[in-house]
Amino acid sequence: MRQDAAVDGPPPSGPPGPAEPVPEEELMRALYREHAGALFSYVLKLVAGDRFLAEDVVQETLLRAWKNASRLDPGARSLRPWLVTVARRIVIDAHRSRQSRPPETSAALLEQLPAGDELDRTLRLMTISDALQDLSAAHREALVETYFRGRTVNEAAEELGLPAGTVRSRVFYALRALRNALEERGVTTS
């Protein structure tokens, strides 16, 4: 058992409580009224000014007090030392938990990353594909082999069964015809 496990439990009983038990709801309201502000200030320093984390820790501390309300002594001089100790342990546990796993990426950082716009690329490919249909089959074949399949002129010539000079000539005229077909569609080359 951890040596500090007793700290998270209820505080030692002080002087005997009142004859009638205080309902848990009233005890929690009283705890919040008396200790929440001071506890928040203390925790805020522990978490380096992170207000949201400090609020979470105070809430968790008071939740643990509520879970142990039946064992808390409402007549004790003060529960603040117990609450402060529990809050400190929550901060320590949260810190250890963050250290044991990879850091999370903030959503704000993800929003700043530029997203690739596939619409422009798709439209460009559709326009090029449409313009390729305007070329003769021989010119289109030469372009597909050299530009789209990444073959050299000699490899394309071997694949098409043509002399390399013929493939070179067809590629030249195919590019010129493709440029004209794209200009007719409103695409300008720079």
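Let's start where helix H7 (residues 137–148) meets helix H8 (residues 153–160). Everything here comes from a predicted model. Two packed helices are described by the angle between their axes and the distance between the axes. For H7 and H8, the angle is about 130° and the axes lie 9 Å apart. As for handedness, H7 passes H8 in a right-handed crossing.

Which residues make the contact? On the H7 side they are Glu141, Ala142, Glu145 and Thr146, and H8 brings Ala156, Glu159 and Leu160. Sort the residues of this contact by type and you get three nonpolar, one polar and three charged.

Now zoom in on one of them, Ala156, which sits in helix H8. Is Ala156 buried or exposed? Its relative accessibility is 0%, so Ala156 counts as buried. Setting aside neighbours within four places in sequence, you'll find Ala156 in contact with Glu145, Thr146, Arg151 and Val167.

Next, move over to the largest nonpolar core, which has 21 residues. Leu31, Val43 and Leu83 are the ones with the most contacts inside this core. Where do the residues come from? The elements that give two or more are H2, helix H3 (51–67) and helix H4 (80–99). H2 supplies the largest share of the core, with eight residues.

Leu83 is a handy spot for looking around this region. Leaving out its neighbours within four places in sequence, Leu83 is in contact with Leu31, His35, Leu39, Thr61 and Ala65. There is also a second, separate core of 13 residues, and Val167, Ala174, Leu178 and Ala181 are among them. Val167 has already come up here, as one of the contacts of Ala156.

Finally, have a look at His35, one of the residues that Leu83 touches. His35 is in helix H2, which covers residues 24–46. With a relative accessible area of 6%, His35 is buried, because buried means under 20%. Beyond its neighbours within four places in sequence, His35 is in contact with Ser78, Leu79, Arg80 and Leu83.

Key: Residues numbered from 1 in each chain as written. Predicted model: local features only at pLDDT ≥ 70, side-chain atom pairs only at ≥ 80, totals over all residues. Heavy atoms only, no water. Helix = DSSP H or I, 4+ residues; strand = E, 2+ residues; numbered from the N terminus. Buried < 20%, exposed > 50% of the residue type's maximum accessible area, 1.4 Å probe, protein only. Contact = heavy atoms within 4.5 Å. Axes fitted to C-alpha atoms, helices over the stretch in contact; angles between N-to-C directions. Left-handed = near helix turned anticlockwise from the far one by under 90°. Nonpolar A, V, L, I, M, F, W, Y, C, P; charged D, E, K, R; others polar. Core = buried A, V, L, I, M, F, W, Y, C linked by side-chain atoms within 4.5 Å.
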